[in-house]
Amino acid sequence: MKLTRKQWFMLVVIVVGTFVTVLNQTLVTPALPSIMEEMSIDAATGQWLTTGFTLVNAIMIPITAYLQDRFSTKRLFLFSMAIFAVGTLLCAWGPTFVLLLIGRLVQAAGAGILMPLGMTVLLVTFPVERRGSAMGIFGLVIAFAPAIGPTVAGIMVDVADWHIMFYVIAALSVVVIVSAAFLMEDIAPANKGDSALEPLSVALSTLGFGGLLYGFSVFGSTGISVPCVATIIVGAVCVTWFFIRQTHLSVPMLRVKVLKNRKFLIATIIGMLVQGSLLAAGILMPIYVQTLMGYSATVSGLVLMPGALIMGIMNPVAGKLFDKHGPRVLSLIGMGLLFVTTVLFGMLTLETSVVYLAVLYAFRMLAMTLVNMPITTWGMNALDTRFINHGTSVNNTLRQVAGSLGTAIVISVSTVVTAAAAPSVGDVSGQMYGINIAFMVCAALVFVGLILTIIFVKGKPGQTERAGEEAEGEASEVHENKTLLQSIMKTDVFTLPRTATVQEAMQLFIDKGISACPIVDDEGQPSGFISDGDILKRLSKQHGSVMDPIVLIAATAKDDTPYADRLEQVMQLPVSSVGVGESIGVSINEDIGEVCRVLASNHLKKVPVLERGRIVGIINRSDITRYSMESYLESRPQGVAFVGDGESAN
């Protein structure tokens, strides 16, 4: 299915907006020394600029599913970007640490909405067989932006001032807001009323996720303490209570039942393991390069740059490979390569060259591209379209928690090993041992993910499995969503090659009794659409300004050019120059509600039905109308009749 121009504009705006917010997350780390010096604070206090951001971000993600069920995409996007921009301007001004921290927390509130919102829009807009490509684009955002963030920030801090980087982000945010106001469609929520913002659920999610992230952050930096352990216990109890409560509410704030879908659950667990390893390694690398190898922050950022570029380039490629080959091959290669490179990171020495380090890191990022988006897309494809916004919220929330937990564990291991080894081998060698063991812990996390991938990750391109609500009595509806379109569509598909003439098109219309058909390229892929209305427009002097075919024919009679001559000219034209130059279709796995939206929003009478990019049927408005009426009449109780059925209405 090719997207409309409006849909492409909307996706570009959302991707760029998400890129700006994700880029912002990693700008603070290289600027911390300058901020600490200017504001006379220690490292423990300054670290809250990143920890506080993570806390608020994680708290907002579960609430986002509710917001997406209540507000249109455009309104929610503009609202979240505006909040983010206000927070960024406050950070840029930041005369005191308190105001700077408040600005970061406001930023996080907007960013926490944008990440799951962007992922949901991509997954809902693209059909199942092209979601790999869509998620590849999104993967470029969430991987490339944080990878180049430290390098960009380091250069800005060295050349100018840390305030400047926030002003730059604020300016980019304003550009995105203005673009969104004009280019985004105001799409109403698909599941309005399907979730509720219950006060107790909000409190439990805030205390639970906030407590866990705070506890693990403190544990990773200061070690075990009574307040730290108490916070973690309270957080764990609140999260457990939150999840249990959501399963018993008639209208939950977050549909955690999506985790009952095995594919989605496995994909989420693998993503959590990878995220924990990724974020922990991101902290260990600068320590190794700057503290132990003695290089500057700029050199440290440049070491990461090749990996960032490879990740940015390969994410869309991995998405296309996913659409073509499915998840298993990509994920197995990616997890295997990720495990090997992580083990090699655990064997670094004080004599390791910067070039070797950059190459090894680049291969590790390549492995990430073959794992992150394919695994996430595979899990999301297992959910019904109606629950994708809840799936993205659950997935993102748990990944955030896993990233914080993994970082806390790995950094704590590094600290403990360093403290134990330093007295006998010296501080530098002790730190080296600590980093080696920490990377081996990361390798253990990846190895668990590799085993899960080998056992569970299977499937073919375009294969989908609907929402994990089967245990709650929705299996029949899920099955219907998979087969309904196949049962009511017309399987007699007539197509025309791009080189066919209008005369051949009209002959096909007459012979087969149809009024329109898709245009395909040399590989049989849909590339356009032509109808009798398109041909009539060419026979009229008023191309595109009159929609009624009868009016078009009447207008032709007023033309000075003889109708026969005009007809002769049009008949020899290729169909590709007369029909619509894009193909709007629906996936064979799509539900009828989405098909109705595509037909209505694009003012179409029929659309091709696609399976793995191939046309396998045609669905008409009349097909849906006939099915809907028959289904309704079959469901009517016996003895109930319409007025006019021959019975009294009283």
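Helices and strands here are DSSP runs, helices of at least four residues and strands of at least two.

**View 1. The whole predicted model.** The protein holds 24 helices and six strands. Of its 650 residues, 52% count as buried. Among contacts with a separation of 6 or more, 77% join residues 24 or more positions apart.

**View 2. Helix 13 against helix 16.** Helix 13 covers residues 327–345, and helix 16 covers residues 427–456. Their axes come within 8 Å and cross at roughly 165°. Angles over 145 degrees count as roughly antiparallel, and the two helices are therefore roughly antiparallel to each other. The crossing of helix 13 past helix 16 is left-handed.

**View 3. Residues where helix 13 meets helix 16.** Helix 13 contributes residues including Arg328, Leu332, Met335, Leu338, Phe339 and Phe345. Helix 16 contributes residues including Asn436, Phe439, Met440, Val446, Phe447 and Ile454. The contact residues divide into 14 nonpolar, six polar and one charged.

**View 4. The largest nonpolar core.** This core has 65 residues. Phe77, Leu100, Trp162, Phe166 and Phe243 touch the most other members. Helix 6 (residues 97–125) gives the most to the core, with eleven residues.

**View 5. Surroundings of Phe77.** Leaving out residues up to four places away in sequence, Phe77 touches Val13, Ile14, Gly17, Leu114, Leu117, Val176, Ala180 and Met184.

**View 6. Another core, apart from the largest one.**

Conventions. Residues numbered from 1 in each chain as written. Predicted model: local features only at pLDDT ≥ 70, side-chain atom pairs only at ≥ 80, totals over all residues. Heavy atoms only, no water. Axes fitted to C-alpha atoms, helices over the stretch in contact; angles between N-to-C directions. Parallel < 35°, antiparallel > 145°, perpendicular 65-115°, else oblique. Left-handed = near helix turned anticlockwise from the far one by under 90°. Contact = heavy atoms within 4.5 Å. Nonpolar A, V, L, I, M, F, W, Y, C, P; charged D, E, K, R; others polar. Core = buried A, V, L, I, M, F, W, Y, C linked by side-chain atoms within 4.5 Å. Buried < 20%, exposed > 50% of the residue type's maximum accessible area, 1.4 Å probe, protein only.
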